[in-house]
Amino acid sequence: MNLPTFDQLATIADKVHFAADIGKRLLDMPKTPAEIRGYLAPEEGLALMMLAEYGPGQGAVVEIGSFLGKSTCWLGLDAQSAGREKITAIDCFKPLSFMAESEDEMDRAIVKEGYTFPFFVQHIEEFGLQNQVEPLVGDSAKAAQAWDDRPIRLLFIDGHHEYGSVKNDFCLWSPFVQQSGIIVFHDYCASWPGVVRYYEEMISATDQYRELFTCYSMKIVVKC
């Protein structure tokens with residue numbers, strides 16, 4: 001039988017500790033952003049929360065794709081309590097295409113407003129994160145062009161999920177990520193083949209990035 005190496009044992013220990021901490025956090029929180037409408041599992045939200053609090057280095061936390069603020073609030077909660085960096089939330093804040101035909105009350109309200117931003121702000125305020133979140137209204141490419149070269153320690157990629165969009169988001173923003181910084185890809189799953197295709201191409205083509213772990217449909221990598 002091949003015995004695991006020390007590094008493999010350390011990785012297993014880290015995953016066990018991480019899972020245990022996530023479970024405890026979920027039980028201890030009376031109210032969580034899981035209640036906000038969105039497409040993020042509670043376990044994924046907790047993983048983001050812990051990365052925002054405990055992630056290595058110092059630098060900006062940038063989220064590409066915010067929708068109604070579910071992932072933004074997860075990122076902001078422990079970052080705020082730990083006195084860490086603000087969350088830069090980048091989104092065009094436009095209604096999703098399916099909402100025009102939806103009978104859902106919130107969807108209809110969003111379509112009538114023509115803009116998801118007021119609903120995003122409402123959720124940020126509900127969790128007391130007004131001073132922890134800096135929204136940037138616009139697309140990822142324009143935001144990257146205007147970025148002030150601040151180093152990024154945590155980058156969450158959850159914008160448009162087509163192959164070209166995922167590639168552009170990564171190529172535009174990853175140069176700002178500092179060494180040992182964390183990049184998270186969301187929706188690595190069969191429903192979004194563009195995310196899977198680009199991620200697999202990227203991770204196999206370079207040794208600059210190493211996968212740390214998977215949490216549901218999130219791939220978490222470190223910049224080496």
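This is a predicted model: local features need pLDDT of at least 70, side-chain atom pairs count only at pLDDT 80 or more; totals for chains, interfaces and linings use all residues.

Biologist: What makes β4 and β5 a pair?

Modeller: Strand β4, residues 152-157, is joined to strand β5, residues 177-185, by 5 bridges; pairing requires at least two bridges between two strands, so β4 and β5 count as paired. They run parallel, and within this pairing Leu-155 stands opposite Ile-183 of β5.

Biologist: Why are β3 and β6 called edge strands?

Modeller: The open sheet has 7 strands in the order β3-β2-β1-β4-β5-β7-β6, with mixed pairing. Strands β3 (133-137) and β6 (209-215) each pair on one side only, which is why they are its edges. From one strand to the next, the twist averages 20 degrees.

Biologist: How do you know that helix α5 packs on the sheet?

Modeller: Contact means heavy atoms within 4.5 Å, and helix α5 (residues 117-126) touches β2 (87-91) and β3, so α5 is said to pack there; its direction makes about 175 degrees with that of β3. Helix α2 (residues 42-54) lies across β4, β5, β6 and β7 (218-223), and runs at about 165 degrees to β4.

Biologist: What makes a residue part of the lining of the largest pocket?

Modeller: A lining residue has an atom within 4 Å of a pocket point, and 37 residues line this pocket, with Asp-91, Leu-96, Asp-158, Gly-159 and His-160 the closest to its centre. The pocket holds about 950 Å³ of space, and its lining divides into 14 nonpolar, 14 polar and 9 charged residues. Helix α7 supplies the largest share, 4 residues.

Notes: Residues are numbered from 1 along each chain as its sequence is written. Side-chain values use heavy atoms; hydrogens and water are left out. Helices (H or I, at least four residues) and strands (E, at least two) are DSSP runs, numbered from the N terminus. Axes are lines fitted to C-alpha atoms, for helices over the stretch in contact, and angles run from 0 to 180 degrees between N-to-C directions. On a 1 Å grid over the protein atoms alone, a cavity is a set of points where a 1.4 Å probe fits but cannot get out, and a pocket is an open set with protein on both sides within 12 Å along at least five of seven lines; lining residues have an atom within 4 Å of a point. Grid points are joined across faces, edges and corners, and a volume is the space filled by probe spheres set on the points. Ala, Val, Leu, Ile, Met, Phe, Trp, Tyr, Cys and Pro count as nonpolar, Asp, Glu, Lys and Arg as charged, and the others, Gly among them, as polar.
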